Amino acid sequence: MRLLLVEDDLMIGEAVLELLRAEGYAVDWVRDARMAQLALEAESYDLVLLDLGLPDRDGLEVLQGLRARKQRVPVLIATARDAVADRIRGLDAGADDYVVKPYDLDELTARIRALLRRSAGRAEPVYEYQNVSINPATREVLVDGQPVLLSAREWAVLEPLLARPGLILSRAQLEEKLFSWKDEVSSNAVEVYVHGLRKKLGAALIQNVRGVGYLVPRA
Ligand code: CA
């Protein structure tokens, strides 16, 4: 899953960036509205975490621009403005959820997971296929009832596939989810993580459609 973090405060930005990367998300971080707009026009994101008080323009303008371009990416507003009128304005402008600073980091990641789940059209949090059971919210993975640990990078490959079972994602699409701008991309990275996932979860879960990409079967 690839996230855009729009935040001008260095301390908050660094803390949130570190947290989200540890959770296995690929995160691009921009610090003003102009860069946010450029990023949103150039890349496709699974979620935007949007601060409103930005140095050049109001974050609400970024949101309005996004919705005017008919981009449906989920937007979670994170801001110090706590007046009810501000919250209503944000939601009416097309935000999907709202957290007020200072927010709890665990609550932030829970809200992000909920939005990603909802945007994938999935209310049911647990994915089950044959002998494998996966809960993306808790990162609990069971194979034959036994817990299995996945690395953050393995999650980054698995999550977008789990979000839309039956849909093929190309290697390039998975690479995009896996890496942010500043990370180095080795040419066979996706294959390496898929190989690792197959060893842990069994070969049936992630299927390779030759020349096209990968999918997980519908549960
Ligand atoms: Ca700010």
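Does Met 35 count as buried, partly exposed or exposed, and what is its relative accessibility?

Modeller: Please bear in mind that this is a predicted model. Met 35 counts as partly exposed, because its relative accessibility is 31%, and partly exposed residues lie between the 20% limit for buried and the 50% limit for exposed. Met 35 belongs to helix H2, which covers residues 33–42. Although 29 residues separate Met 35 from Val 6 in sequence, their C-alpha atoms are 8.7 Å apart in space.

As for the setting of this residue, the protein contains eight helices and eleven strands. Its radius of gyration is 18 Å, close to the 17 Å given by the globule rule for 219 residues, so the protein is as compact as a globular protein of that length. The C-alpha trace spans about 50 × 35 × 30 Å along the principal axes. Of the 219 residues, 48% count as buried. Among contacts with a separation of 6 or more, 58% are between residues 24 or more positions apart. The accessible surface amounts to about 10,900 Å², and carbon and sulfur atoms contribute 51% of that area. The protein carries 29 positive and 34 negative charges, whose mean positions are 6 Å apart.

S6 is joined to strand S7 (residues 132–135) by three bridges, and Tyr 127 has Ile 134 in S7 as its bridge partner.

The loop between S6 and S7 holds Gln 130. Its backbone deserves a remark: phi of Gln 130 is near 50°, a positive value in a residue other than glycine. Most residues other than glycine have a negative phi, and most peptide bonds are trans. Gln 130 counts as exposed, because its relative accessibility is 62%.

Lys 70 also has a positive phi, of about 65°, although it is not a glycine. Lys 70 is placed in the loop between helix H3 (59–68) and strand S4 (75–79), and with 70% relative accessibility it counts as exposed.

Finally, the peptide bond from Lys 101 to Pro 102 is cis, with omega near -5°. Pro 102 is found in the loop that runs between strand S5 (97–100) and helix H5 (105–119).

Notes
Residues are numbered from 1 along each chain as its sequence is written. This is a predicted model: local features need pLDDT of at least 70, side-chain atom pairs count only at pLDDT 80 or more; totals for chains, interfaces and linings use all residues. Side-chain values use heavy atoms; hydrogens and water are left out. Helices (H or I, at least four residues) and strands (E, at least two) are DSSP runs, numbered from the N terminus. The radius of gyration is taken over C-alpha atoms; the globule rule is 2.2 Å times the number of residues to the power 0.38. Buried means under 20% relative accessible area, exposed over 50%, partly exposed in between (1.4 Å probe, protein chains only). Contact means heavy atoms within 4.5 Å. Accessible areas come from the Shrake-Rupley method with a 1.4 Å probe; for residues, only the protein chains shown count as cover. Lys and Arg count as positive and Asp and Glu as negative; His and the chain ends are not counted. The place of a charge is taken as NZ of Lys, CZ of Arg, CG of Asp or CD of Glu. Two strands pair if DSSP finds at least two bridges between them.
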